[in-house]
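Open the model in your viewer and get ready to click along. Each stop on this tour tells you what to select and what you will find there.

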Amino acid sequence: MAKIYSKKALASKDLKPKKEVVSFLLSYSQALKVVKIDNNSFEIIAN
Amino acid sequence: MADLHIPDALLVKNYVEGNENALATLIKRHESKIYGFIYSKIADRDVSNDIFQDTFIKVIKTLKSNCYNEEGKFLPWVMRISHNLIVDHFRKTKKMPMYRETEEFSIFSIMSDDSLTIEGKMILDQVEVDLKKLIQELPEDQKEVLVMRMYQDMSFKEISELTGVSINTALGRMRYALMNLRKIIDKHQIILTN
């Protein structure tokens with residue numbers, strides 16, 4: 001086997017995060033509620 | 001496709017007002033740029049995904065708690081958050097560098113076991129026995145101070161009180177004890193090493 005000396009280009013054109021990551025973020029956003037009482041803020045995450 | 005014409009500022013406003021789809025549009029619009037930016041620095045897909053996720057968790061929390069000011073633009077703000085997380089990541093990895101075992105590199109080349117080997121322990125025991133024998137050769141007053149200081153861990157003040165001499169005398173006796181030990185070692189060419 002010939003040795004490959006070249007390195008892969010770091011930035012290919014169409015880099016995207018995993019679908020699971022995006023879907024997690026959207027679910028997280030739906031579940032998260034931030035309630036502010038006086039100077040405190042409370043994060044509530046619905047199941 | 002209609003979403004593409006809605007400016008970021010309006011999408012952010014809609015999201016803050018409760019429209020969850022606005023976030024999906026914002027992520028879809030900018031995911032490539034943000035993820036590409038992170039990946040260009042990190043060069044690891046999994047870590048980049050983690051940082052991308054953490055970035056948007058911060059974005060979501062900030063927007064939901066109404067702490068976001070539409071002073072600048074949305075994308076530069078998100079990029080700044082991801083940049084800070086990248087810096088944090090490098091700080092962490094610098095403190096706790098991760099090493100992988102490869103053909104050219106073995107973890108044992110940078111890690112060492114400083115505890116003594118069996119041979120080392122035997123030599124150390126022998127050195128200690130030899131040293132005790134040498135101390136027995138010292139004059140009584142010097143031996144007394146040296147033993148109290150080195151083996152009983154007493155201070156020179158305590159030694160002076162116990163032996164009834166001044167601190168300076170005790171210090172002097174210690175100094176002579178060490179000089180005499182060195183002389184004996186040199187004279188008999190004794191090697192005390194470990």
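Stop 1: Select residues 130–169 of chain B, where UniProt places the feature "domain: RNA polymerase sigma factor 70 region 4 type", taken from an unreviewed entry. UniProt positions follow the numbering used here, feature names are shortened, and annotations may be inferred rather than shown by experiment. Colour this span by secondary structure: 75% is helix and 0% is strand, and the end C-alpha atoms lie 27 Å apart. Helices (H or I, at least four residues) and strands (E, at least two) are DSSP runs, numbered from the N terminus.

Before you move on, two notes on how to read this tour. This is a predicted model, in which local features need pLDDT of at least 70 and side-chain atom pairs count only at pLDDT 80 or more, while totals for chains, interfaces and linings use all residues. Residues are numbered from 1 along each chain as its sequence is written, chains are lettered from A and ligands numbered from 1 in the order in which they are written, and side-chain values use heavy atoms, leaving out hydrogens and water.

**Stop 2: where the chains meet.** Now show chain A and chain B together. How many residues does each chain bring to the contact? Chain A gives 20 and chain B gives 24, with contact meaning heavy atoms within 4.5 Å. About 2,000 Å² is buried between chain A and chain B, and carbon and sulfur atoms give 68% of that area. Buried area is the accessible area (1.4 Å probe) that two parts lose on being put together, summed over both.

Seven residue pairs, both residues at pLDDT 80 or more, are in polar contact between chain A and chain B. A polar contact is a pair of N or O atoms within 3.5 Å; within protein, one must be able to donate a hydrogen and the other to accept it, and residues adjacent in sequence count only if both atoms are side-chain atoms. On the side of chain A that touches chain B, helix H1 (19–31) and strand E1 (32–37) are the elements that give two or more residues. The largest share, eight residues, comes from H1(A).

**Stop 3: Ser29(A).** Select Ser29(A) in helix H1 of chain A. Is Ser29(A) buried or exposed? Ser29(A) counts as buried because its relative accessibility is 0%; buried means under 20% relative accessible area, exposed over 50%, partly exposed in between (1.4 Å probe, protein chains only). Beyond its neighbours within four places in sequence, Ser29(A) is in contact with Tyr15(B), Glu20(B), Leu23(B), Ile60(B) and Lys64(B).

**Stop 4: charged pairs.** Side chains of opposite charge can pair when their charged atoms come close. A salt bridge is a side-chain nitrogen of Lys or Arg within 4 Å of a carboxyl oxygen of Asp or Glu. The structure holds 10 salt bridges over all chains, and three are counted between chain A and chain B.

- Select Lys18(A) and Asp46(B), whose closest N and O atoms are 3.8 Å apart in a salt bridge. Lys18(A) lies in the segment before H1 of chain A and Asp46(B) in helix H3 (residues 45–64) of chain B, so the pair joins two chains.
- Select Glu43(A) and Lys61(B), a salt bridge with its closest N and O atoms 3.5 Å apart. Glu43(A) is partly exposed at 43%, and Lys61(B) is partly exposed at 29%.
- Finish with Asp8(B) and Arg29(B), which meet in a salt bridge at 2.7 Å, N to O. Asp8(B) is in helix H1 (residues 8–16) and Arg29(B) in helix H2 (residues 20–42) of chain B, 21 residues apart.
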